[in-house]
Amino acid sequence: MRTLTRVAGAAAVVYLATLTTVLTQSRVGREVAIPEHLQDGQEFSVPLRDLLAYGQRLFSAVWTTEEGGGRPRTKGTGAPLSDPSSPLEFPRSFNRLSGPDANSCAGCHNLPFGIPGGGGDIVANVFVLAQRFDFLTFDGTDMTPTRGAMDESGVDPRLQTVSNSRATLGMFGSGYIEMLARQMTEDLQAIRNATPPGAAGPLVSKGISFGRIARAADGSWITSGVEGLAAPSLATAGPASPPSLIVRPFHQAGNVVSLRQFSNNAFNHHHGIQSTERFGINTDSDGDGVVNEMTRADVTAVSIFQAAMAVPGRVIPDDPEIEEAVLVGEKRFAAIGCTTCHVPALPLDRRGWVFTEPNPFNPAAPPNLQAGQAPTLSVDLSSDDLPQPRLRPSGGVVMVPAFTDLKLHDITTGVAGDPNIEPLDMNQPAGSPGFFAGNRRFLTRKLWGAANEPPFFHHGMFTTLRQAIKAHDGEARAARIAFEALAPFDQDAIVEFLKTLQVLPPGTRDLVVDERGHHKDWPPRSGRSGS
């Protein structure tokens, strides 16, 4: 397979000349966000700086019907409408619940500092799984399943049960996160492959335990001891069909493998913009009269843009009282057990800081670009030419301080009626009993950048970090009880520590800065320990 490494530098080709889809019609009177699309293959010749800029344009584009915005004949899942006689045309072209529900990715992903790719206010929450309906109305007289009201089981759902309301998270540092998940998947699969019939082995990667994989004497796979992975990663159809054990780092329920899969899903769901790699070249599957709405090269560009986003850092004011509280808070955070799941940093080795497209674990159904279908495009995430700040390798390792273990954990009470339990499980087949049983397991929230990307928790219903801490239960119950048993100052110190974990203003080059954005040595050289 051909591998092309991208580096930024003097543009050998003028950017607009490189985006050469020669238009056969005049531009006069056209209303489109992207007049010329990157054609497949051009992603390998456009200078990296321009590829990132074009990816950001796609992410920020306000799509119009003239270029394929909207999906009159299909659901947000990509499936045909349950009722083709009622297409999603004006005044049914937008629906805040079932979608399309946004004109632009940046319409929701823009916090803080208005950065495209950032998080979102609660007004930007996404109603996950409502897109399986044509046009959600809650009209109790509508008896067609998943058209406007009735769900797959024949029940007329309510606002609180028809979907999972989720906070919009920022994509900062996501290239490092995807590469961590890939390496962990490789490690788990290597352990799986070395497990003979009748044996069992511990699944450990980067110091994180994922339980145990076992095989019966006939070679069939036993996954009941595996921990922290989503159901699709545990699926097996017999001895010759091992569980994939893929670590899925995106979506708060650990459902999505890669930035590319995330992008293919989201552009169709939220905007009605359909990529050729998923829906076909010269195919108008959504019936809007527009084909090739997003090329393979486009999806690569927008994926690389997200992968290359700056990593979060820390803001620690030059105030001795706050500095002391931060030192104490970080120690107490570890002492009460929070770092069992919110692991401060994970090691990215084996040159994992070189991000590649496509992800070798991309799911084939629904289609996403597979390894071997195009040359591999590589980007060094540690490069000074990318948005700052960056993480640097030291001794062949990049430590990624994301405060996560990339595992799923049950952090709810497990009691029916707990508002932190989601009504639907996106990792089960839609309409199945497991789907309607609800979801209690969530990816350990990456805490880097969390402090200035409110609201908090998976549903975004909490306005303070303290509320989010006190909502932890289930597997996190012991840590929450330990927090509540701390002295008031120690509780406040933990909050003060968490407040330092911020997305930094654009252009900041240092990972730790003071309140004015100046470089800050941390921990302080004075020898204060925060004991």
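This is a predicted model: local features need pLDDT of at least 70, side-chain atom pairs count only at pLDDT 80 or more; totals for chains, interfaces and linings use all residues.
Arg182 lies over the face of Phe355, at 5.0 Å from the ring centre.

Contacts between aromatic rings were examined next. A pair of aromatic rings is described by the distance of the centres and the angle of the planes. With ring centres required to lie within 6.5 Å, the count comes to seven aromatic pairs. One of these is formed by Phe59 and Phe305, with 5.6 Å from centre to centre and 55° between the planes. The Phe59–Phe305 pair is classed as tilted, because edge-to-face applies to planes over 60 degrees apart and stacked to planes under 30. Phe59 belongs to helix α2 (residues 48–60) and Phe305 to helix α6 (residues 296–307), so the pair ties together parts that are 246 residues apart in sequence. Phe59 has a relative accessible area of 2% and is buried; Phe305, at 8% relative accessibility, also counts as buried.

A further pair, between Phe333 and Phe403, is edge-to-face, with a centre-to-centre distance of 6.4 Å and 75° between the planes. Phe333 is located in helix α7 (residues 320–335), whereas Phe403 is in the loop between β11 (398–400) and β12 (408–410); the pair therefore ties together parts that are 70 residues apart in sequence. Both Phe333 and Phe403 are buried. Together with Phe497, Phe333 and Phe403 form one aromatic cluster.

Methods: Residues are numbered from 1 along each chain as its sequence is written. Side-chain values use heavy atoms; hydrogens and water are left out. Rings of Phe, Tyr and Trp (its six-membered ring) pair if their centres lie within 6.5 Å; planes under 30 degrees apart count as stacked, over 60 as edge-to-face and the rest as tilted. Helices (H or I, at least four residues) and strands (E, at least two) are DSSP runs, numbered from the N terminus. Buried means under 20% relative accessible area, exposed over 50%, partly exposed in between (1.4 Å probe, protein chains only). A charge sits over a ring if NZ of Lys or CZ of Arg is within 6 Å of the ring centre and within 35 degrees of the ring normal.
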